[in-house]
Amino acid sequence: MKRQKIRKTLIFISFLLFPITIFYFSPYLIIQAAYKHIINGSFIVFLTMLVSSMFLGRAWCGFLCPAGGLQECLMRCDDKIAKQGKRDMIKYVIWTLWMLAVIITFVLGKNDVKVDFFYMTDHGISVAEIYNYVIYYGVLLILVLPGLIHGRRSACHYICWMAPFMVIGSSIGRALHLPQLHIEAEKKDCISCGKCNKACPMGLDVKSMVETGVTSKCTECIQCGSCVDECPKKVLKFRWTWSR
């Protein structure tokens with residue numbers, strides 16, 4: 001349980017820092033910068049997510065994502081499990097349209113390519129002007145409403161524009177046979193108590209995944225380890241594995 005205290009502390013601190021960091025996760029600023037041929041902070045952050053996920057999967061979502069921290073705070077208000085399945089595909093539609101917009105804007109843009117990590121920030125701080133609070137609270141509203149209406153981390157399931165980077169990165173890692181962090185299970189030791197399901201902040205059916213042996217292949221798993229720490233028989237464990 002100590003790991004979960006550390007994890008929840010990290011993700012809550014990340015949320016508290018969101019007014020400072022929000023522009024580094026902005027899907028809009030990357031388009032604006034692309035027109036000027038500027039590689040901005042969000043471009044570098046998203047690229048980092050893609051590369052790191054080749055080895056760590058979606059661990060960013062579980063330990064450091066400010067939006068994830070907000071979503072887990074909302075679980076105090078509504079802890080029901082969000083419906084998944086086809087709804088999880090919405091974020092991929094959003095991501096695809098967004099990526100097309102970035103590419104088209106860059107092609108139509110002008111100037112020489114340059115790097116400006118702190119683009120549109122004030123000495124690295126995102127929300128430094130009063131009008132920026134309108135943007136900040138607008139983004140919070142977009143993230144809050146799904147969680148209040150649909151339940152556990154539903155914004156992560158339905159509309160997150162960052163998750164596809166990590167899903168793609170994980171797939172690339174498997175294709176290249178890179179060592180990857182996974183949660184795996186000893187199926188024979190499972191007593192079907194269901195505590196893993198209750199602990200999962202993403203509302204995944206971990207028990208069924210253990211029974212079918214697909215825990216290491218779930219693209220919605222955020223590697224938070226809540227199920228690992230809650231399992232009374234230590235059926236679930238973190239492991240570095242190589243795909244064959």
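Which residues make the nonpolar surface patch of about 820 Å²? In this predicted model, the patch is made by Tyr35, Val93, Leu97, Leu100, Ile103, Ile104, Val107 and Leu108. Helix α7, which spans residues 90-108, contributes the largest share of the patch, namely seven residues. Ile104 is placed in this helix, α7.

**Packing of α4 and α10**

Helix α4 covers residues 41-56 and helix α10 covers residues 163-175; their axes come within 7 Å and cross at roughly 35°. The crossing in which α4 passes α10 is right-handed. The residues that meet are set out below by helix.

| Helix | Residues in the contact |
|---|---|
| α4 | Phe46, Met49, Leu50, Ser53, Met54 |
| α10 | Phe165, Met166, Ile168, Gly169, Ser170, Ile172, Gly173 |

Sorted by class, the contact of α4 with α10 comprises eight nonpolar residues and four polar residues, with no charged residues.

**Salt bridges**

Across the whole structure, a search finds 11 salt bridges. One of these joins Arg3 to Asp229, with 2.6 Å between the closest N and O atoms. Arg3 belongs to helix α1 (residues 2-16) and Asp229 to helix α13 (residues 226-230), so the pair ties together parts that lie 226 residues apart in sequence.

**Contacts of Gln32**

Gln32 is located in helix α3, which runs over residues 29-35. When neighbours within four places in sequence are left aside, Gln32 is in contact with Tyr119 and Met120. Gln32 and Tyr119 are 87 residues apart along the chain, and their C-alpha atoms are separated by 10.0 Å.

Terms used: Residues numbered from 1 in each chain as written. Predicted model: local features only at pLDDT ≥ 70, side-chain atom pairs only at ≥ 80, totals over all residues. Heavy atoms only, no water. Axes fitted to C-alpha atoms, helices over the stretch in contact; angles between N-to-C directions. Helix = DSSP H or I, 4+ residues; strand = E, 2+ residues; numbered from the N terminus. Left-handed = near helix turned anticlockwise from the far one by under 90°. Contact = heavy atoms within 4.5 Å. Nonpolar A, V, L, I, M, F, W, Y, C, P; charged D, E, K, R; others polar. Patch = residues over 30% accessible without salt bridge, like charges linked within 9 Å, V, L, I, M, F, W, Y side chains within 5 Å. Areas by Shrake-Rupley, 256 points an atom, 1.4 Å probe, with all protein chains shown as cover. Salt bridge = Lys/Arg side-chain N within 4 Å of Asp/Glu carboxyl O.
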